[in-house]
Amino acid sequence: MPIVFESRDGSTTVLSEKFGVTYHSKYGAVQESRHVYIKEGLFAKCIAKKELSILEMGFGTGLNALMTCLEAEKLELKINYTAIEKYPIPNEIVGQLNFMKILEVEGRDDLLCRMHRAEWEKQVEISDFFSLKKLEQAVEDIAFQQGFDLVYFDAFTPNVQPELWELPMLTKMYDALLPTGILVTYCAKGSFKRALKEIGFKVETLKGPPGKREMTRAVKP
Ligand SMILES: C[S@@+](CC[C@H](N)C(=O)[O-])C[C@H]1O[C@@H](n2cnc3c(N)ncnc32)[C@H](O)[C@@H]1O
């Protein structure tokens, strides 16, 4: 059973017993999501757009999806969000997550629960601006069509899931992206960035969230 605990910014995260690692940075789950995926991903890609397609590798607690949904409403940007998850977290764990409290979102207490309750493999309208399709599958087994503006690549660290950070999986992500599409991730490991370059991505090393030196943004030409 996964274990919930508080990261240093007060937001909860989860320790995976299966992989022995946490779902987010221990320095701050909300801080990490906001910096890596929202600021350096969504904000970099949403300029002059009315609609955006996002692919998330690793739905996990739903934190990235939740923060993206809240931003979509503020930006009045229609987001079609596809999230892959091989090992969904149990409902008891979802009930212990404090993201709504930390984000101080008035009157939207059920938003995260609605995302977790959304039927798998179906497109579900979570709000006027956010449509969610969760796929309960291993990413290795999915053949994507090219069609995404942005990939949130949020697999567990290469130390425990090396195969997800190597050429075959990253080529799959490249092929899923539209031209000028962006992949963002918390990871800045050298071998990972070399693999991205070999595939044809233009790779940027950016300042990481508090507590982490660097992160990566890769752009498909
Ligand atoms: C770092 S966590 C993701 C955190 C998540 N984005 C969030 O906001 O909470 C990595 C996620 O990838 C999932 N995962 C691991 N291996 C997978 C695979 N082969 N296919 C699909 N999902 C996988 C894990 O179960 C976990 O939920």
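Reader: Which residues in α2 are buried?

Author: The model is predicted, and helix α2 covers residues 63-75. An α-helix has 3.6 residues a turn, so residues three or four places apart point the same way. In α2, the buried residues are L63, N64, A65, L66, T68, C69, E71 and A72.

Reader: How many Å does helix α2 reach from its first C-alpha to its last?

Author: Helix α2 has 13 residues. At 1.5 Å a residue, a reach of 18 Å is expected, and the helix comes close to this. From first C-alpha to last, α2 reaches 18 Å.

Reader: Which residue that follows α2 has a positive phi?

Author: The residue in question comes after the helix, and its phi is near 50°. This residue is E76.

Reader: Is R217 buried or exposed?

Author: R217 lies in strand β11, which spans residues 214-219. A residue counts as buried if 20 or more other C-beta atoms lie within 10 Å of its own. Because R217 has 20 other C-beta atoms within 10 Å, R217 is buried.

Reader: What residue takes a positive phi in the hairpin of β10 and β11?

Author: The hairpin has six residues between the strands. The positive phi, near 95°, belongs to G211.

Key
Residues numbered from 1 in each chain as written. Predicted model: local features only at pLDDT ≥ 70, side-chain atom pairs only at ≥ 80, totals over all residues. Helix = DSSP H or I, 4+ residues; strand = E, 2+ residues; numbered from the N terminus. Expected span 1.5 Å × (residues − 1). Buried ≥ 20, exposed ≤ 12 C-beta atoms within 10 Å, placed from the backbone. Pairing = 2+ DSSP bridges.
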